[in-house]
Amino acid sequence: MRLDKVSPQITDPAIDNWLDPHFVATAQGLSRRQQLLVFLSGSYGRPGRQLMMMKEAIALGYPVINLNYPNSWTVAELCQTCEDKDCHEKIRAEIIDGMKRSDKIDIGRPNSIENRLVRLLQYLHQQQPEENWQQYLEGETPKWETIIIAGHSQGGGHAAMIAQERLVARVIMLSAPADYSPIFRDLAPWLAAPHATPSDRYYGFIHLKDAGLARVQHAWQRLGMGALDSAVNVDDQVPPYHHAQCLITAAKPARPRKYHGCVANDLHTPKLLNGVPKFQKVWRYLLAGLE
C-alpha cells in the first residue's frame, strides 16, 4: 500500500481551517476498481486512524481517500437544546457543501467536504495523471455514483446525508447515524426522508455496548435497511452474514470500554493472535458485499 499525505491548503489556498493532511492510499501492481472509497472520521478525529480498514479496501482494489474535514464538535452537542427540528440536517448539509444554513457553525464553501474532495482529486490528477483520478469528477463536483462514501460516528452521519441528496455507489456507516433531539424526543426528520441512493446500498456496523446503539438501529430502520431484529451478529457468523445490511458485534475492544470506536479505529479494534484485525472479513463485506 502506498500512503500519501496531502495538505488541504496545497490543493486549495482558500481552505483556511482544519488543516491536518488528507490520507490517500493506493496499491501498486493491483488492478484498480472503477470506484473510489472516501472515508470520513468521527468528531475530533483525524485521517490516518483507520489504516487497517483502508488496507482491506486497498486489497479489494479500491483507491482510498481519508478526507480531513470540519469536525471539531459533535453535531449532537450543537443540537442538544435547539428548538429547530431540522438542526442536525442543516449543520450536516452546511459541512458537506458549505452553503450557509445554520447559525451554530460557519464553514464556507472552501472548507466544505465537497470542495475539499474536488480540490484533492484535481490535485491528485495533476500530480499523478496516470492514476486516472479525474474519473471520480464531473466538472467541479464529485462524480458521486463512482464513490463509496463511508464514515465513523459523525462521519457516518455525513455519509448518510450525502447519500440522501446524491446517488452514491455505496454507503457505510460505522456507529452511526444517531441524530436525536431531546427537545422533540425523536430522531431527526431527515433520516426518514426520501433519499437519492437506494436503501439496499446502505450498510451499518455497531457494537452492542455502544451508548448510541438504540438510536443508531432506529435510524437504520428509518433509512430502509431492515427491521430492528434483522441485524446479524458477526461474532458467530461468516460472510455473507445472511446478506444483512445491519451488522452488530459484542467483541471486546482492544482498549477497555472503547465500544464506539472499535468498529473502525485502529487503536480500539480487536485483533487476532496473529495481528489480523478481528473485523477484517466484516469490513470486506461492508465494502464489497457478496464478492
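Mentor: A search of the whole structure finds one disulfide. This is a predicted model, in which local features need pLDDT of at least 70 and side-chain atom pairs count only at pLDDT 80 or more, while totals for chains, interfaces and linings use all residues. Residues are numbered from 1 along each chain as its sequence is written, and side-chain values use heavy atoms, with hydrogens and water left out.

Trainee: What makes Cys 79 and Cys 87 a disulfide?
Mentor: A disulfide is a pair of cysteine sulfur atoms within 2.5 Å. The S to S distance between Cys 79 and Cys 87 is 2.1 Å, and a disulfide joins them.

Trainee: Why is the disulfide of Cys 79 and Cys 87 called left-handed?
Mentor: The torsion about its S-S bond is about -85°, so the disulfide is left-handed.

Trainee: How do you know that Cys 246 is in no disulfide?
Mentor: The nearest cysteine sulfur to that of Cys 246 belongs to Cys 262 and is 17 Å away, against the limit already given. Cys 262 is likewise in no disulfide, the sulfur of Cys 246 being the nearest one to it at 17 Å.

Trainee: Why does Cys 262 count as buried?
Mentor: Buried means under 20% relative accessible area, exposed over 50%, and partly exposed in between (1.4 Å probe, protein chains only). Cys 262 has 0% relative accessibility, so it counts as buried. Cys 246 is buried too, at 3%.

Trainee: Why are H4 and H6 called roughly perpendicular?
Mentor: Two packed helices are described by the angle between their axes and the distance between the axes. Helix H4 (residues 87-97) and helix H6 (residues 154-165) pack at about 85°, with axes 10 Å apart. Helices (H or I, at least four residues) and strands (E, at least two) are DSSP runs, numbered from the N terminus. Axes are lines fitted to C-alpha atoms, for helices over the stretch in contact, and angles run from 0 to 180 degrees between N-to-C directions. Angles under 35 degrees count as roughly parallel, over 145 as roughly antiparallel, 65 to 115 as roughly perpendicular and the rest as oblique. H4 and H6 are therefore roughly perpendicular to each other.

Trainee: Which residues of H4 and H6 meet?
Mentor: Contact means heavy atoms within 4.5 Å. Among those in H4 are Arg 92 and Ile 96, and among those in H6 are His 158 and Met 161.

Trainee: What makes S3 and S7 a pair?
Mentor: Two strands pair if DSSP finds at least two bridges between them. Five bridges join S3 to S7 (residues 147-152), and the two run parallel; Leu 37 stands opposite Ile 148 there. S3 also pairs with S4 (residues 64-67) in the parallel sense, over four bridges, with Phe 39 opposite Asn 66.

Trainee: What is the handedness of the crossover from S3 to S4?
Mentor: A crossover is right-handed if, with the strands pointing away from the viewer, the path from the first strand over the helix to the second runs clockwise. The chain goes from S3 through helix H2 (residues 51-59) to S4, and this β-α-β crossover is right-handed.

Trainee: How is S3 (residues 36-40) covered?
Mentor: Five of its five residues are buried, which makes S3 mostly covered. Leu 36, Val 38 and Leu 40 point one way, and Leu 37 and Phe 39 the other.
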